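Take a walk through this two-chain model, one chain at a time and then across the interface. Keep the structure in view while reading.

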Amino acid sequence: MNEEEFLKIVLPFKDKLFRLAKRYLISHDAAQDATQDVLLKLWLNRSKITMYKNVEAFAMTMVKNKCLDELKLKNAQNLKIVHSNYKDENSNLSKETETNDSISIVEKLINELPEKQRIIIQLRDVEQYTFEEIGKILEIKQTAIRVSLSRARKTIRQKLIKYHNYGIK
Amino acid sequence: MALNNNIEALLDKYFEGETSLQEENVLKEYFTQTDVPQHLEQYQAMFAYFAQNKKEKAPQNIQVKPSKKSWNISWLPKVAVVLLLLAIGYAIYPKGISKAEKKEAQIAFLETQKALKLISQNLNKGNVAVAYLDEFEISKKKIFKK
């Protein structure tokens, strides 16, 4: 497989890989490194790529595993990934939309969710994968996905309503 | 109103995690329009965020194809060590002789030369005396031979 063919396969979901990595690791830079790492691995194994039916789901799983490794490593070293680019991100968002800061509140709420719920929200509500695809990527059962998804959505709703009312009262 | 009722029913389903992708798209579309009833306003931010996050791009500097960049850099530490040694050598080794020092050395040289000349002149004076001594020796031998 040459470079052009590889790019044709990989480019359409490159951004999705990055967004998933960022949802796991929160930090922009860490997500960038993880994505780079996964793409490099894909390139090195490009001869086997065509063997997989769904390269995208396979790559997403690779990102998941890479990020979990990364988080485990950080835990072992007693380091927390610092949410250093929270502010930066928020200012970007408000510049782009200028609607209100409740959008960035949503981001904060999502990132406060437990890891599994966070990722499922990302895959379903942002990337709009089917439950079957999510099951494949995360290697879990579809019923478990539904439960987590419902829980995550309800938590966000609850906190949003709280925030919304706080703004009024 | 019928639409609103429909939306509320869909929202209930949504929070139970039972909506299909199509139904979720209906919700997304509904909440991205501007006039949403006040009691549903809080959901607007949620769906707006999903739509916005989907547009987030990976940074440009992520290389999709890394092979060109991956030239061998294993020689770098070796070069660094050599450079470091050179730097240390340069720091320890005496610096080149300055002009003032050169001049001083020249003066000292001339001074010594002068002194040595003086000494040799005096030595020559001694020579005359020694020559005279020789004369004395010769005459002494003449006398004592006889």
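Helices here are DSSP runs of H or I with at least four residues, and strands are runs of E with at least two; both are numbered from the N terminus. By that rule, chain B has five helices and zero strands. Along the sequence its pattern reads α-α-α-α-α. The model is a predicted one.

Stay with chain B for a moment. It has 146 residues, and 22% of them count as buried. Its accessible surface comes to about 11,700 Å². Carbon and sulfur atoms account for 64% of that surface. Now take the contacts in chain B between residues at least 6 apart in sequence. Of these, 36% join residues at least 24 apart.

Turn to chain A. It has nine helices and zero strands. From the N terminus on, the order is α-α-α-α-α-α-α-α-α. Of its 169 residues, 46% are buried. Chain A exposes about 9,300 Å², with 51% supplied by carbon and sulfur atoms. Among its contacts between residues at least 6 apart in sequence, 68% join residues at least 24 apart.

Next, the interface. Here 35 residues of chain B are in contact with 47 residues of chain A. The two chains bury about 3,700 Å² between them. Of that buried area, 57% lies on carbon and sulfur atoms. Polar contacts are present as well: 19 residue pairs between chain B and chain A, with both residues at pLDDT 80 or more. Three elements of chain B each give two or more residues to the side that touches chain A: α1 (2–15), α2 (21–32) and α3 (41–53). The largest share, ten residues, comes from α3(B). By class, this side of chain B has 14 nonpolar, ten polar and eleven charged residues.

Leu160(A) sits in helix α9 (residues 142–168) of chain A. With a relative accessible area of 3%, Leu160(A) falls under the 20% cut-off and therefore counts as buried. Leu109(A) is 51 residues from Leu160(A) along the chain, yet their C-alpha atoms are separated by 8.2 Å.

Beyond residues up to four places away in sequence, Gln32(A) touches Phe18(A) in chain A, and Pro59(B), Asn61(B) and Ile62(B) in chain B.

Now follow the charges. How many salt bridges does the rule find over all chains? The count comes to 16. Five salt bridges lie across the interface of chain B and chain A.

Glu16(B) is partly exposed at 39% relative accessibility. Lys154(A) is partly exposed too, with a relative accessible area of 29%.

Other salt bridges share partners. They join Asp37(A), Lys41(A), Lys66(A) and Glu70(A) into one network. Within it, the side chains of Lys66(A) and Glu70(A) meet at 3.4 Å, N to O. Both residues lie in helix α4 (residues 55–76) of chain A, four residues apart, about one turn of the helix. Glu70(A) is at 21%, so it counts as partly exposed.

Key. Residues numbered from 1 in each chain as written. Chains lettered and ligands numbered in written order. Predicted model: local features only at pLDDT ≥ 70, side-chain atom pairs only at ≥ 80, totals over all residues. Heavy atoms only, no water. Buried < 20%, exposed > 50% of the residue type's maximum accessible area, 1.4 Å probe, protein only. Contact = heavy atoms within 4.5 Å. Areas by Shrake-Rupley, 256 points an atom, 1.4 Å probe, with all protein chains shown as cover. Buried area = accessible area lost by both parts, 1.4 Å probe. Salt bridge = Lys/Arg side-chain N within 4 Å of Asp/Glu carboxyl O. Polar contact = N/O pair within 3.5 Å; in protein donor to acceptor, adjacent residues only side chain to side chain. Nonpolar A, V, L, I, M, F, W, Y, C, P; charged D, E, K, R; others polar.
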